[in-house]
Amino acid sequence: MIYVQKGSIRVYITSEEGREITLFHIGSGECCVLSASCVIAGISLDVQLLAEEDTEIVAIHSGMIQKLMDSNIYARCFAYELATKRFSDVVWVMQEIMFARFDVRMARFLLSVYEKTGENKIQMTQEAIAKEVNSAREVVARMLKQFASDELIELNRGAIVIKNIEGLKKIIE
């Protein structure tokens with residue numbers, strides 16, 4: 001089990017062709033029970049973990065987690081609740097990929113970064129954004145150009161400036 005003391009980890013899966021799908025992020029003060037799948041029966045998900053910034057983690061051996069869960073009902077309950085939340089995150093991602101229009105996904109992503117940071121300037125490459133929204137860089141580039149044409153954003157080298165928050169919110173509605 002991984003506990004993030006500082007930083008952020010992107011949790012993703014990779015297809016045989018090398019395509020990545022971001023499932024969720026683990027931030028400071030959070031842990032990932034999916035990395036301890038050998039502890040929780042019924043979890044058979046092979047995930048990749050990538051530190052996105054300077055990150056400090058505590059790795060807890062699966063045997064320790066198993067002993068704790070066997071002897072403490074509260075620890076077992078915590079692990080199952082955490083697993084349930086993470087699987088809910090995974091299902092939401094799959095619904096987004098399968099059912100949401102790409103403009104909606106992109107607007108949702110830009111607004112979520114804005115809400116998280118409080119900054120209207122997002123310093124990310126199109127490749128990094130593509131990994132976050134589970135698409136190809138070329139698709140991201142086309143949508144960002146469309147958003148810029150609609151005067152919702154301004155494109156700069158390595159950065160996006162949100163110009164019209166309400167306009168992005170209307171896309172989501």
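Domain bounds here come from an automatic or database domain assignment. On that basis the protein chain divides into domain 1 (2–99) and domain 2 (102–172). Their centres, taken over C-alpha atoms, are separated by 27 Å. The model is a predicted one.

The protein chain has 173 residues, and buried residues make up 38% of them. Its secondary structure comes to six helices and nine strands. Along the principal axes, the C-alpha atoms fill a box of roughly 60 × 30 × 30 Å. Contacts between residues at least 6 apart in sequence were also examined. Of these, 64% join residues at least 24 apart.

The contact between the domains was considered next. Domain 1 and domain 2 bury about 720 Å² between them. Carbon and sulfur atoms account for 36% of that area. In domain 1, the residues that lose the most area to domain 2 are Glu20, Thr22 and Glu96. Together these three make up 48% of what the domain 1 side buries. The contact draws eleven residues from domain 1 and six residues from domain 2.

Polar interactions also link the two domains. Five residue pairs are in polar contact between domain 1 and domain 2, with both residues at pLDDT 80 or more. The side of domain 1 that touches domain 2 receives at least two residues from strand S3 (20–27). Helix H2 (73–99) likewise supplies at least two. By residue class, this side of domain 1 holds four nonpolar, two polar and five charged residues. Two salt bridges are counted between the domains.

Glu96 takes part in a salt bridge. Its side chain meets that of Arg108, with an N to O distance of 2.4 Å. Glu96 lies in helix H2. Its relative accessible area is 12%, so Glu96 counts as buried, the cut-off being under 20%. Apart from neighbours within four places in sequence, Glu96 is in contact with Arg105 and Arg108.

Glu53 is found between strand S5 (48–51) and strand S6 (56–59). Thr55 is found in the loop between S5 and S6 as well. Glu53 has 49% relative accessibility and therefore counts as partly exposed. Thr55 is also partly exposed, because its relative accessible area is 24%.

Glu53 touches Gly7 and Ser8. Thr55 is in contact with Val4, Lys6, Gly7, Ser8 and Ile9. The side chain of Thr55 reaches the backbone oxygen of Ser8 at 3.4 Å. That side chain also reaches the backbone oxygen of Glu53, at 2.7 Å.

Glu53 and Ser149 are 32 Å apart in space and 96 residues apart in sequence. Thr55 and Val161 are 106 residues apart along the chain, and their C-alpha atoms are separated by 27 Å.

Key: Residues are numbered from 1 along each chain as its sequence is written. This is a predicted model: local features need pLDDT of at least 70, side-chain atom pairs count only at pLDDT 80 or more; totals for chains, interfaces and linings use all residues. Side-chain values use heavy atoms; hydrogens and water are left out. Contact means heavy atoms within 4.5 Å. Buried area is the accessible area (1.4 Å probe) that two parts lose on being put together, summed over both. A salt bridge is a side-chain nitrogen of Lys or Arg within 4 Å of a carboxyl oxygen of Asp or Glu. A polar contact is a pair of N or O atoms within 3.5 Å; within protein, one must be able to donate a hydrogen and the other to accept it, and residues adjacent in sequence count only if both atoms are side-chain atoms. Helices (H or I, at least four residues) and strands (E, at least two) are DSSP runs, numbered from the N terminus. Ala, Val, Leu, Ile, Met, Phe, Trp, Tyr, Cys and Pro count as nonpolar, Asp, Glu, Lys and Arg as charged, and the others, Gly among them, as polar. Buried means under 20% relative accessible area, exposed over 50%, partly exposed in between (1.4 Å probe, protein chains only).
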